[in-house]
Amino acid sequence: MNSPSFAGLELLDTPVLITTADGVLEFANPACENLLAIGRRELLRHTLFELFQDSPALRQALSTALQHNAGYIEHDLELRTPHGEQPLHIALSVTPVDADGRLALVELRPLDQQLKIANEERLLLQQQANRELIRNLAHEIKNPLGGIRGAAQLLEHELSDRPELKEYTEVIQEEALRLQSLVDRLLAPHRRHVRSEINIHEVLERVRSIALAEYPQGLSIRRDYDTSLPQMVADKEQLIQVVLNIVKNAIQAMKGNGEVILRTRVARQVTLARKRHGLALKLQIVDNGPGIPEEIRDHIFYPLVTGRAEGTGLGLTLAQAYVHQHGGSIEFESRPGQTCFTVMLPFSNTD
């Protein structure tokens with residue numbers, strides 16, 4: 001049982017552990033569970049040195065701190081975990097917490113997390129600028145489109161005795177309609193969204209049904225749900241659009257043949273859009289396609305950026321806008337054979 005004296009550590013953003021000199025763990029906070037992707041009960045079954053394999057520097061840091069009863073800091077330490085594919089780059093701090101040198105507080109500050117916070121700030125500013133640019137551009141395009149379409153209809157009427165020219169007026173009208181649809185999609189994120197209490201798995205099942213109906217052969221969509229998740233307050237239609245846009249991108253990249261995994265988990269004590277949330281949804285959409293081309297990865301959420309000749313480059317832009325409207329975040333990791341989009345959303349949002 002965790003000691004009550006450690007209760008205040010539950011609220012920290014920083015992952016922390018309480019360990020003995022032998023590496024026996026006595027406490028781990030929710031931020032540490034998130035970092036290691038292991039539940040606390042399972043985490044505490046391991047020793048510190050089982051969690052972080054082959055790390056003499058970690059052993060040395062713990063030993064030195066307890067022997068000298070003084071804090072010990074490593075500014076950049078590479079740690080490997082049993083379940084992690086990539087090593088963790090950590091700023092490590094070890095501090096004795098009792099007078100007899102039996103217990104130490106181990107703080108694990110992911111260096112990647114600092115980069116993520118800076119990146120989130122940059123993305124928010126970028127999205128605000130993009131949103132204003134798109135809004136102004138869409139309005140400028142929308143006004144003349146009606147005139148073009150109307151003029152094409154009048155021209156078609158005037159050329160009623162020249163049926164061989166009707167094809168050209170039809171092309172003008174169809175392209176005007178296509179541009180109108182594109183403009184409507186550009187303006188869509190600015191419309192008010194309607195919140196209600198929803199089950200995220202109903203959203204995922206709807207997307208799954210749509211995708212499998214469109215690609216009945218060669219496509220597998222696997223469920224990996226945490227069915228204990230609570231209800232959330234959100235705009236159901238917008239969340240369907242978020243997941244559908246990501247799933248469709250994945251399927252099109254795989255040319256309709258491959259596997260998509262829809263995974264839900266709970267994340268504890270996370271900061272989203274500068275707000276602290278005790279509980280949040282962690283939704284992951286994973287595919288085994290070719291991966292996102294290297295040259296567009298830094299700009300994947302920009303409008304009109306796409307890796308496909310037939311794509312519009314709006315799917316991920318709209319997904320990002322809807323996620324941010326819900327006070328959440330969206331990011332991705334991609335390599336050939338695996339792309340994973342991670343959407344983090346608070347279970348309730350009063351904005």
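Figure 1. Across the whole structure, a search finds 1 aromatic pair. Here, rings of Phe, Tyr and Trp (its six-membered ring) pair if their centres lie within 6.5 Å; planes under 30 degrees apart count as stacked, over 60 as edge-to-face and the rest as tilted. A pair of aromatic rings is described by the distance of the centres and the angle of the planes. One ring also has a charged neighbour: Arg59 lies over the face of Phe49, 4.0 Å from the ring centre. For a charge to sit over a ring, NZ of Lys or CZ of Arg must be within 6 Å of the ring centre and within 35 degrees of the ring normal. This is a predicted model: local features need pLDDT of at least 70, side-chain atom pairs count only at pLDDT 80 or more, and totals for chains, interfaces and linings use all residues. Residues are numbered from 1 along each chain as its sequence is written, and side-chain values use heavy atoms, with hydrogens and water left out.

**Figure 2. The protein chain as a whole.** The protein chain holds 9 helices and 12 strands. Helices (H or I, at least four residues) and strands (E, at least two) are DSSP runs, numbered from the N terminus. Of its 351 residues, 43% count as buried. Buried means under 20% relative accessible area, exposed means over 50%, and partly exposed lies in between (1.4 Å probe, protein chains only). Among contacts with a separation of 6 or more, 62% join residues 24 or more positions apart. A contact means heavy atoms within 4.5 Å.

Figure 3. Five strands make an open sheet in the order E2-E1-E5-E4-E3, with antiparallel pairing. Strands E2 (25-28) and E3 (72-79) stand at the edges; each has a single partner strand, so one side of each is left without a neighbour in the sheet. Neighbouring strands of this sheet are turned by 25° against each other on average, direction ignored. Helix H4 (residues 56-68) packs on the sheet and touches E1 (16-20), E3, E4 and E5. The direction of H4 makes about 20° with that of E4. Axes are lines fitted to C-alpha atoms, for helices over the stretch in contact, and angles run from 0 to 180 degrees between N-to-C directions. Strands E4 (residues 88-96) and E5 (residues 103-110) run antiparallel and are joined by 7 bridges. Two strands pair if DSSP finds at least two bridges between them. Thr95 has Leu105 in E5 as its bridge partner.

Figure 4. The phi of Asn69 is near 50°, a positive value in a residue other than glycine. Asn69 counts as partly exposed, at 47% relative accessibility. Ala70 is also partly exposed, at 34%. Leaving aside neighbours within four places in sequence, Ala70 is in contact with Ala65, Val94 and Pro96. Ala70 and Pro96 are 26 residues apart along the chain, yet their C-alpha atoms are separated by 6.5 Å.

**Figure 5. A mixed sheet.** Another open sheet has 5 strands in the order E7-E9-E10-E12-E11, with mixed pairing. Its edge strands are E7 (219-224) and E11 (329-335), and each pairs on one side only. The twist averages 20° from one strand to the next. E11 and E12 (residues 338-346) pair in the antiparallel sense over 7 bridges. In E12, Gln338 is the bridge partner of Arg335. Helix H7 (residues 200-214) lies across E7, E9 (258-272) and E10 (275-287), running at about 170° to E7.

**Figure 6. Helix H9, a buried helix.** In H9 (residues 315-325), 10 of the 11 residues are buried, so the helix is largely enclosed by the rest of the structure. Among the buried residues are Leu316, Gln320 and Tyr322. Just after H9, Gly327 takes a positive phi of about 75°.

Figure 7. Thr169 is found in helix H6 (residues 166-187). Thr169 is buried, with a relative accessible area of 2%. Not counting residues up to four places away in sequence, Thr169 touches Ala152, Leu155, Glu156 and Leu159. Lys255 is found in the loop between helix H8 (236-253) and E9. Lys255 is exposed, with a relative accessible area of 71%.
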